[in-house]
Amino acid sequence: PRARRPRRYHLPFALHLDGALDVPALQAALTDVLGRHDILRSVFLTTSDGPVQQVLEIDSAVDTFDVEVVGEDDVDTLIGQWAAAPFDLTEDIPFRVRLFRVADDRHVLAVVAHHIALDGASFVPLTTDVATAYAARVEGQTPAWAPLPLQYRDYARWHRDRLGNAAD
């Protein structure tokens with residue numbers, strides 16, 4: 001019988017960016033988005049009571065990235081290989097990015113998130129937040145958004161309160 005590959009619950013996607021790109025503004029925008037969404041900078045520790053979400057401070061969660069110059073024919077393969085790398089959710093935040101330059105005015109922002117942090121419905125709000133933050137950062141500003149009324153931990157608390165614990 002054929003060996004089954006483990007499911008990794010990865011959600012990879014790529015944003016193709018045409019035109020001039022302000023890389024420091026993009027880095028700052030991604031930091032803004034991580035600061036806005038606790039779930040994107042969370043790790044999940046194993047305790048005797050089960051997994052526990054720990055939200056990291058923004059300084060601990062942000063990795064800077066370099067622009068990687070690649071050929072256009074290679075970018076899809078590189079993204080696929082990189083996106084397949086497993087997450088260790090006890091140590092790694094469930095959100096990674098890489099930036100590829102395929103031409104001076106063409107870049108690909110590759111993103112892979114673990115399903116614990118994102119689902120299909122999250123792509124539009126996430127990319128909207130990145131675009132909003134990037135536009136602000138290009139102008140030397142911080143994004144002018146209101147804090148989110150709820151975070152994932154609020155939903156998880158509500159869910160646990162509604163369903164009770166596993167011993168019920």
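**Note on the predicted model**

1. Aspartate 129 counts as buried, since its relative accessibility is 11% (buried means under 20% relative accessible area, exposed over 50% and partly exposed in between, with a 1.4 Å probe and protein chains only). This is a predicted model, in which local features need pLDDT of at least 70 and side-chain atom pairs count only at pLDDT 80 or more, while totals for chains, interfaces and linings use all residues. Residues are numbered from 1 along each chain as its sequence is written, and side-chain values use heavy atoms, with hydrogens and water left out.

2. Aspartate 129 belongs to helix H4, residues 123–138 (helices, H or I of at least four residues, and strands, E of at least two, are DSSP runs numbered from the N terminus). Its side chain makes a polar contact of 2.6 Å with the side chain of histidine 37; a polar contact is a pair of N or O atoms within 3.5 Å, where within protein one must be able to donate a hydrogen and the other to accept it, and residues adjacent in sequence count only if both atoms are side-chain atoms. Leaving aside residues up to four places away in sequence, aspartate 129 touches Val33, Arg36, His37 and Trp145 (contact means heavy atoms within 4.5 Å).

3. The structure holds 1 aromatic pair, formed edge-to-face by phenylalanine 13 and phenylalanine 123, with 4.7 Å centre to centre and 75° between the planes. Because phenylalanine 13 lies in strand S1 and phenylalanine 123 in helix H4, the pair ties together parts that are 110 residues apart in sequence. Ring centres of Phe, Tyr or Trp (its six-membered ring) must lie within 6.5 Å to pair, and planes under 30 degrees apart count as stacked, over 60 as edge-to-face and the rest as tilted. Phenylalanine 13 is buried at 16% relative accessibility, whereas phenylalanine 123, at 24%, is partly exposed.

4. In helix H3 (residues 75–83), the buried residues are Val75, Ile79, Trp82 and Ala83. They cover an arc of only 95° around the axis, and therefore sit on the same side of H3 (the arc is that of the directions from the helix axis to the C-beta atoms). These buried residues pack against strands S1 (10–18), S5 (95–103) and S6 (106–114).

5. Strand S5 has 7 of its 9 residues buried, so it is largely enclosed by the rest of the structure. S5 runs parallel to strand S4 (residues 67–69), to which 3 bridges join it, and pairs with S6 in the antiparallel sense over 8 bridges (two strands pair if DSSP finds at least two bridges between them). In S6, valine 111 is the bridge partner of valine 97.
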